[in-house]
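Trainee: I have a chain open and would like to walk through it with you. Can we start with the strands and then go on to the charged pairs?

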Amino acid sequence: MSGKPKLYYFDGRGKMESIRWLLAAAGVEFEEEFLETRDQYEKLLQGGSLLFQQVPMVEIDGMRMVQTRAILSYIAAKYNLYGKDLKERALIDMYVGGTDDLMGFILMFPFLSAEDKEKQRAFIVQKATSRYFPVYEKVLNDHGQDFLVGNNFSWADVHLLEAILMVEEKKSDVLSGFPQLQAFKARMSSIPTIKKFLEPGSQRKPVPDDKYVETVRRVLRMYYDLKAN
């Protein structure tokens, strides 16, 4: 294994994108191997690299890690993005969990039919503006700090920024009623490592397109249709 973390996934967002975000925010360079064929996936399975027969998989510090949450937790702890004590870590876990719930509604979006996409778009915006964004707006307003937990940005902040940008892709003015989150987005986007990741040419992946969907379906043999909420 090389010194850089190596990511095994498709050439698209999916569950790996949050891992890319967190590594980039920490200023860590990483390599990627994109799964394009079923044979590549079978080779990983047969080699025992995929403990639960799933990707993402990340080679880091001599380990082959699977399970997205475990990978993210390790990266956050390794690069001091996981709070200064147990209480802060618990808060970060709580906020990340909430953001994960919101992002889960978006993860399935590219695989829906055109009709279901319109329903899901409205559902995502409704959930974001009524359940999730109000929580973070209140947290930032109540404690008056720049970040969700403590005086430095953490995994929770990186995850929230990623989610905000994903929801804005569904409705560009979704933050119009959330001044604290507007300011938060501006602060986070100006952090040098994050600003670099947001620039063209970075390893950040674009909105999933039909090619990405077809590749995932072919490699994972997904022959069923998902339904919107």
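Predicted model: local features only at pLDDT ≥ 70, side-chain atom pairs only at ≥ 80, totals over all residues.

Trainee: How many bridges join S3 to S4?

Mentor: Four, and the two strands run antiparallel. Methionine 57 has valine 66 in S4 as its bridge partner, and isoleucine 60 has methionine 63 in S4. S1 and S3 are also antiparallel, over three bridges; there, leucine 7 is partnered by valine 58 of S3.

Trainee: Are the faces of S3 buried or exposed?

Mentor: Both faces are covered: Met57 and Glu59 on one side, Val58 and Ile60 on the other, are all buried. Buried means under 20% relative accessible area, exposed means over 50%, and partly exposed is in between, using a 1.4 Å probe and protein chains only.

Trainee: Which residue takes a positive phi in the hairpin of S3 and S4?

Mentor: Aspartate 61, with phi near 50°, in a hairpin that has two residues between the strands. Aspartate 61 counts as partly exposed, at 45% relative accessibility. Glutamine 53 also has a positive phi, of about 65°, although it is not a glycine. Glutamine 53 sits in the loop between H2 and S3 and counts as exposed at 57% relative accessibility.

Trainee: Where is the cis peptide bond with omega near 15°?

Mentor: From valine 55 to proline 56. Proline 56 is in the loop between helix H2 (38-46) and S3.

Trainee: Switching topic. How many salt bridges does a search of the whole structure find?

Mentor: The search gives 21. A salt bridge here is a side-chain nitrogen of Lys or Arg within 4 Å of a carboxyl oxygen of Asp or Glu.

Trainee: What does aspartate 11 form a salt bridge with?

Mentor: Lysine 205, with the closest N and O atoms 3.5 Å apart. The pair links distant parts of the chain, 194 residues apart: aspartate 11 is in the loop between strand S1 (6-9) and helix H1 (17-25), and lysine 205 is in the loop between helix H8 (192-198) and helix H9 (210-220). Aspartate 11 is partly exposed at 47%, whereas lysine 205 is buried at 9%.

Trainee: And what about glutamate 169?

Mentor: Glutamate 169 forms a salt bridge with arginine 13, and their closest N and O atoms are 2.8 Å apart. Glutamate 169 lies in the loop between helix H6 (155-168) and helix H7 (179-190) and arginine 13 in the loop between S1 and H1, so the pair ties together parts 156 residues apart in sequence. Glutamate 169 is partly exposed at 32% relative accessibility, while arginine 13 is buried at 9%.

Trainee: Last topic, domains. Where is the chain divided?

Mentor: Domain 1 is 6-79 + 198-220 and domain 2 is 86-191, with bounds from an automatic or database domain assignment. Their centres, taken over C-alpha atoms, are separated by 22 Å.

Trainee: How much do domain 1 and domain 2 bury between them?

Mentor: About 1,600 Å², 68% of it on carbon and sulfur atoms. Buried area is the accessible area (1.4 Å probe) that two parts lose on being put together, summed over both. The count of salt bridges between domain 1 and domain 2 is three.

Conventions: Residues numbered from 1 in each chain as written. Heavy atoms only, no water. Pairing = 2+ DSSP bridges.
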